Amino acid sequence: METRPCTFAGMFYPGEPGHLEQFLETVTPVERPAPDALGIVSPHAGYPYSGAVGARAFSAIRPDFDGTFVVIGPSHRGFLTCTSAIPWETPLGIVDVDVDFVRALDIRVDEVSMEDEHSLEVQTPFIKHFFPRAQIAPIMMGDQSPASAELVAGKIVRAIRATGREVRIVASSDFSHYIPESQARKRDAMAIEAIERLDVDGLYRSIVEYDISACGYGPIAAMIAVCKALGATEGRLLTYATSGDVTGDPEVVGYAAIMVV
């Protein structure tokens, strides 16, 4: 059986299953927010820096969820928007792809381009650990323009209606990159406020106006649009952190866990 290998195990997150399980158990929040989120923003940096934030994001989804996670991440290497139709490996076991949902998306399948993209892979150990019966539908976004986000969102909504799947949407994104912490927190707050309002236009305006180097703004915009189509009315910031919280470096990357309900 052809599978998508866990290319970044041992780099972005522990590759040894016991160590990975131990880390995820350590960062699992004691209390879960309510109600159950339709969508989340989760970071994709190395787990030592952003793993606790990612765990906080996934804690917003009810623990017995066993449907399909539509995971949308940016392409860091400039590949075109595509999807994957083969199972994904993790150190904790295989995460199955919802092939029928992927087929209904009507997005080009490109397994080769998917192999070198960490923004999607970093989310899979969380899914396998917290939601072992769930499947995924991975989408890597190349063009992150408003038109592209709208197009991807429309395809997701149509696939939901065609398949009748229960889904949760994961937008994989870090926020400001390698700027002073005070600036990162101030700039990122502008984007986060737009996300909390489910304001896609406002998100794009804040990215430009405040020069926010969030790498997954397109996936976030698509997630918001899908969740609004499913009845969501607001977003809520769960936690915000920076790499400086771990390293002490003055130049930081920002990470946010956000739920949409």
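Helices here are DSSP runs of H or I with at least four residues, numbered from the N terminus. In this predicted model, Glu 117 lies in the loop that separates helix 4 (111-114) from helix 5 (118-121).

Glu 117 is buried but takes part in no salt bridge, since a salt bridge requires a side-chain nitrogen of Lys or Arg within 4 Å of a carboxyl oxygen, and the nearest side chain of opposite charge, Arg 77, is 5.9 Å away. The side chain of Glu 117 instead has polar contacts with backbone nitrogens, as listed here.

| Backbone nitrogen | Distance to the side chain of Glu 117 |
|---|---|
| His 76 | 2.8 Å |
| Ser 119 | 2.9 Å |

Leaving aside residues up to four places away in sequence, Glu 117 touches Arg 4, Phe 8, Pro 74, Ser 75, His 76, Arg 77 and Met 140.

The largest nonpolar core holds 88 residues, and those touching the most other members are Phe 58, Phe 69, Val 70, Phe 101, Ile 156, Ile 169 and Phe 175. Strand 10 (residues 251-260) gives the most to this core, contributing 8 residues. The contacts of Ile 169, again without residues up to four places away in sequence, include Val 70 and Ile 156, and also Met 223, Val 226 and Cys 227.

Met 223, Val 226 and Cys 227 are among the buried residues of helix 10, as are Gly 218, Pro 219 and Ile 220. Helix 10 (residues 217-229) has 13 residues, which at 1.5 Å a residue should span 18 Å, and its end C-alpha atoms are 19 Å apart, so the two values agree. Just after helix 10, Gly 231 adopts a positive phi of about 110°.

Technical notes: Residues are numbered from 1 along each chain as its sequence is written. This is a predicted model: local features need pLDDT of at least 70, side-chain atom pairs count only at pLDDT 80 or more; totals for chains, interfaces and linings use all residues. Side-chain values use heavy atoms; hydrogens and water are left out. Helices (H or I, at least four residues) and strands (E, at least two) are DSSP runs, numbered from the N terminus. Buried means under 20% relative accessible area, exposed over 50%, partly exposed in between (1.4 Å probe, protein chains only). Lys and Arg count as positive and Asp and Glu as negative; His and the chain ends are not counted. A polar contact is a pair of N or O atoms within 3.5 Å; within protein, one must be able to donate a hydrogen and the other to accept it, and residues adjacent in sequence count only if both atoms are side-chain atoms. Contact means heavy atoms within 4.5 Å. A nonpolar core is a set of buried Ala, Val, Leu, Ile, Met, Phe, Trp, Tyr and Cys residues joined through side-chain atoms within 4.5 Å. The expected span of a helix is 1.5 Å times one less than its number of residues.
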